[in-house]
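Take a look at the fold shown below.

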Amino acid sequence: MNTKYSDLINQTYYFPQEEFKLNKDNLQFHNIDLMKLVEQYGTPLKFTYLPQISENINKAKAWFRKSMEKNKYDAKYYYCYCTKSSHFEYIMNEAFKNNIHIETSSAFDVNIVENLLENGKINKSTYVICNGFKRDEYISNIARLINNGHKNTIPIIDNYEELDLLQAEIKGKFKIGIRIAAEEEPKFEFYTSRLGIGYKNIVSFYKKQIQENDKLELKMLHFFINTGINDTSYYWNELVKCIKVYIALKKECPTLDGLNIGGGFPIKNSLAFEYDYQYMIDEIINQIKIACDEAEVDVPNIFTEFGSFTVGESGGAIYQILYQKQQNDREKWNMIDSSFITTLPDTWAINKRFIMLAVNRWNDTYERVLLGGLTCDSDDYYNSEQNMNAIYLPKYNKEKPLYIGFFNTGAYQETIGGYGGLHHCLIPQPKHILIDRDENGILATEVFSEQQTSDDVLKILGYTKKV
């Protein structure tokens with residue numbers, strides 16, 4: 001009988017896969033022996049596999065290059081990294097090895113941009129796309145960046161007032177973009193995104209406040225769908241509306257030459273994940289090309305702002321199953337040595353799925369379980385109700401420790417979870433390690449941050465004197 005955990009995975013999915021394979025009965029991720037990591041660093045453990053960041057960036061650039069050549073699309077493509085997905089320096093250092101650009105969301109982002117400039121990670125030719133609702137400090141920081149000579153900074157106008165606020169602080173002429181307020185899917189509680197300016201108002205806004213203003217140069221129309229780039233009638237309908245606005249605006253504004261289609265590429269969240277990235281890009285480029293040719297306007301340069309796609313597949317978390325609680329005749333709870341709420345908050349907040357696999361004991365028999373975290377919160381769990389499929393793992397055995405991994409967790413989890421701060425029920429932040437390869441493919445690991453101590457937490461809470 002096929003009762004081993006490895007049998008279950010093999011009969012359910014195509015396995016091994018590009019990033020996952022077995023070494024005897026232990027899981028390897030990008031040829032990283034995960035049990036060796038556990039033996040060296042312990043659990044709970046977070047890790048970032050840095051080479052995956054560059055790999056995904058270069059995949060996307062190649063897809064767009066191929067599509068533009070295929071469609072004879074005579075314009076440029078600019079890959080921007082969406083910083084809010086992960087602001088950490090080690091992420092930026094890896095991402096900006098690849099001649100890309102940057103998108104910001106708030107005031108402190110600009111301080112990061114200035115640090116990157118100072119340290120030569122980016123330069124004066126790097127586009128800095130400033131999105132988001134702009135409060136006073138964000139306005140001032142954008143102005144400082146432009147006034148100091150970074151002319152490829154493009155603040156994206158989110159509301160009518162921002163034009164006056166920017167002009168009051170920026171010296172001389174500067175570039176701007178306008179964000180379209182996309183219409184949301186019918187199932188949403190509201191009809192139109194709170195971000196941006198409505199489709200029908202953009203051309204009139206340009207004519208009234210920008211066209212005759214010698215200080216402003218409109219360069220970009222920005223478009224983003226909250227549900228991401230998906231092959232649905234909703235996405236294609238919104239894209240077509242956006243292209244129509246671009247064409248109407250381009251006929252009034254010769255300086256307009258950029259269309260920002262935002263982010264939204266999905267990342268792998270299951271071993272059964274399927275998504276044809278090349279097809280989607282081909283269709284987007286083709287639709288823009290056809291519409292612009294018919295309207296007899298030049299096709300725009302294309303900007304994207306991929307965040308999760310850039311960093312998501314680089315991250316992972318490993319936990320030990322501490323104990324099993326048999327709560328009734330059907331429900332077995334495997335308790336991990338951390339908390340889902342604090343270390344993978346999207347599993348709790350938005351019911352997000354990640355790839356979850358056993359790290360060891362693949363040749364043991366399996367059982368159906370629920371996964372529980374350490375906090376005393378009833379919502380600190382990861383189960384089949386939230387995640388569509390039942391959870392199966394090698395059978396719990398007190399004498400044979402079991403480790404499990406969650407993969408492709410690299411976007412948003414650290415900042416949403418409150419990196420370096422307080423966590424629910426004071427569950428400590430796990431140790432985090434960075435994994436890289438040299439030019440010969442040799443792995444190297446280093447500790448980015450140790451697990452939080454009681455002293456760390458007590459200082460935050462004010463129980464000990466801050467130095």
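The paragraphs below cover paired strands, then a pair of helices. The model is predicted.

Start at strand 1, residues 20-23. Strand 1 pairs with strand 2, residues 26-29, in the antiparallel sense. The pairing runs over 4 bridges. Phe-20 stands opposite Phe-29 of strand 2. The two strands form a hairpin, with 2 residues between them. In that turn, Lys-24 has a positive phi of about 60 degrees.

Strand 2 has another partner to look at. Strand 3, residues 32-33, pairs with strand 2, again in the antiparallel sense. Here there are 2 bridges. Gln-28 stands opposite Asp-33 of strand 3. Strand 2 and strand 3 also make a hairpin, with 2 residues between the strands. His-30 takes a positive phi near 50 degrees in this hairpin.

Now turn to the helices. Helix 3 spans residues 51-70, and helix 10 spans residues 277-295. Their axes come within 9 Å. They cross at roughly 45 degrees. Helix 3 is therefore oblique to helix 10. The crossing is right-handed.

Which residues of helix 3 and helix 10 make the contact? Helix 3 supplies Trp-63, Phe-64, Lys-66, Ser-67, Met-68 and Lys-70. Helix 10 supplies Tyr-277, Gln-278, Ile-281, Asp-282 and Ile-285. By class, the contact of the two helices has 6 nonpolar, 2 polar and 3 charged residues.

Conventions. Residues are numbered from 1 along each chain as its sequence is written. This is a predicted model: local features need pLDDT of at least 70, side-chain atom pairs count only at pLDDT 80 or more; totals for chains, interfaces and linings use all residues. Side-chain values use heavy atoms; hydrogens and water are left out. Axes are lines fitted to C-alpha atoms, for helices over the stretch in contact, and angles run from 0 to 180 degrees between N-to-C directions. Angles under 35 degrees count as roughly parallel, over 145 as roughly antiparallel, 65 to 115 as roughly perpendicular and the rest as oblique. A crossing is left-handed if the near helix is turned anticlockwise from the far one by less than a right angle, and right-handed if clockwise. Contact means heavy atoms within 4.5 Å. Ala, Val, Leu, Ile, Met, Phe, Trp, Tyr, Cys and Pro count as nonpolar, Asp, Glu, Lys and Arg as charged, and the others, Gly among them, as polar. Two strands pair if DSSP finds at least two bridges between them.
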